[in-house]
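Thank you all for coming; I would like to take a few minutes to walk through a structure that may be new to you. Please have the sequence and the three-dimensional view open while I talk.

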Amino acid sequence: MQLFHHITVLSLSEQEKRAFVEAGVEFARTMNSARGETVMFDIGENDPRYERVAALLRSLDPKRVRDFSMTVPTLREFVAKMVANGRERMKQEATEQAKWPRGREVLRESLELMKSGKVEQAFSVLDPAITEAIEGNHCGRVSLLSQHAAALSLSRGDRERQIHYEQQALPFAKDYRFAAYNFAQLLLGDGQLVLAERYAAEAYRQSRSQTSEADSDLRAAILKQWPSAAETS
C-alpha cells in the first residue's frame, strides 16, 4: 500500500534547509523562530526523492522531526477524509441519542456540571449510566457515554481517567480493531509501551482477515510503528 508523509522539521539551520532544497523538497509552509526555520512538506514513498529525503531526516535529532503517515497525497486531503468519517460518527451518535432520551439527558447534565467546575459530580452522573448500559449489553450506549466521559477527562488533562473510560468502551466498540489501535496510541502517549504494543498487535490480528482499504491502511500504520506486531499477533 502506498504511504505518504506529512513532515514537519523544527529549527532548521540555513545549511540544513539548503540540503532539503537540493534534495528537491518543495516546502508547503515555513515559519521563522529564534532557533531557525520550521518547515512542512508532503512526500510519497514512491517519489524518487523519498530515499534522499528520508536519509536527511534520519541525520537529524528525532525530536526535531514530526512524521505523520497518510494514505492520500496531502495533509489537506487526509483531514478532509477524517472530517467525513467524523460526520458519519456524529450521525450515528445522534441516532443513538434519539433512541435513548435518558442518555441524552445524562450527556447534557454531565456537560453542564463540567462547565460549572463540578468535575466529580459530572462523572458521578455518567458512571451509573455507563454501568447500566454495560449490564444491559447496549453497545452503542456504552460507547456513546464512555467516549463522552473520556472527552471530558481529556478536557481536564486527566489522562488516567481518560484511559479508564476508553478501556471500558473497548469491548463494545463497533470496529474493535480501530478502537484498539487508537487505544494503543493513547497508552503510548502515557508511556505504557508494553501494553500499547499488545493492543496494537491485537488490532493487527483482528484486521488481517479484512480486505477493506481502511484495514490495509490500519495494518500499514501498525507495522510502521510496531514492526513486530505481525509476529506477536
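Predicted model: local features only at pLDDT ≥ 70, side-chain atom pairs only at ≥ 80, totals over all residues.

Let me begin with the chain as a whole, which has eleven helices and four strands. Of its 233 residues, 39% are buried. If we take the contacts with a separation of 6 or more, residues 24 or more positions apart account for 62% of them.

Now to the interior. In soluble globular proteins, nonpolar side chains tend to be buried together. Here the largest nonpolar core has 18 residues, and those with the most contacts inside it are Tyr181, Phe183, Leu187, Tyr199, Ile222, Trp226 and Ala229. The elements that give two or more residues to this core are helix H8, residues 176-189, helix H9, residues 193-207, and helix H10, residues 213-225. Which residues does Ile222 touch, if we leave out those up to four places away in sequence? They are Tyr181, Ala200, Ala203, Tyr204, Pro227 and Ala229. There is also a second, separate core, this one of 17 residues, and among them are Val119, Val125, Leu144 and Leu145.

Helix H7 deserves a look of its own. It covers residues 159-169, and its buried residues are Arg161, Gln162, Ile163, Tyr165, Glu166 and Ala169. What covers these buried residues of H7 includes helix H5, residues 119-135, helix H6, residues 139-155, and H8. One of the buried residues, Arg161, also lies over the face of Phe123, at 4.0 Å from the ring centre.

I turn next to the aromatic rings. A search of the whole structure finds four aromatic pairs, and I will describe two of them. In the pair of Phe20 and Phe41, the ring centres are 6.0 Å apart and the planes stand at 50°, so the pair is tilted. Together with Phe27, Phe20 and Phe41 form one aromatic cluster.

The other pair I want to show is that of Phe183 and Tyr199, whose ring centres are 4.9 Å apart and whose planes are at 85°, so this pair is edge-to-face. Phe183 lies in helix H8 and Tyr199 in helix H9, so the pair ties together parts that are 16 residues apart in sequence. Phe183 counts as buried at 3% relative accessibility, and Tyr199 is buried as well, with a relative accessible area of 15%. You will recall that both Phe183 and Tyr199 are among the residues with the most contacts inside the largest nonpolar core.

Let us move to the second largest pocket, in which about 250 Å³ of space lies. It is lined by 13 residues, and the closest to its centre are Ala54, Leu57, Arg58, Val65 and Asp67. The elements that give two or more residues to this lining are E1, helix H2, residues 50-58, and strand E4, residues 65-70. Which element provides the largest share of the lining? That is H2, with five residues.

Finally, some single residues. Ser11 is found in strand E1, residues 4-12, and its phi is near 55°, a positive value in a residue other than glycine. Most residues other than glycine have a negative phi. At 23% relative accessibility, Ser11 counts as partly exposed.

In strand E4 we find Phe68, which is partly exposed, with a relative accessible area of 39%. Phe68 and Thr8 are 60 residues apart in sequence, while their C-alpha atoms are 8.5 Å apart in space.

Conventions: Residues numbered from 1 in each chain as written. Heavy atoms only, no water. Core = buried A, V, L, I, M, F, W, Y, C linked by side-chain atoms within 4.5 Å. Buried < 20%, exposed > 50% of the residue type's maximum accessible area, 1.4 Å probe, protein only. Contact = heavy atoms within 4.5 Å. Phe/Tyr/Trp six-rings, centres within 6.5 Å; stacked < 30°, edge-to-face > 60°. Lys NZ or Arg CZ within 6 Å of the ring centre and 35° of its normal. 1 Å grid on protein atoms, 1.4 Å probe; cavity = no way out; pocket = protein on both sides within 12 Å on 5 of 7 lines; lining within 4 Å. Points joined across faces, edges and corners; volume = space filled by probe spheres on them.
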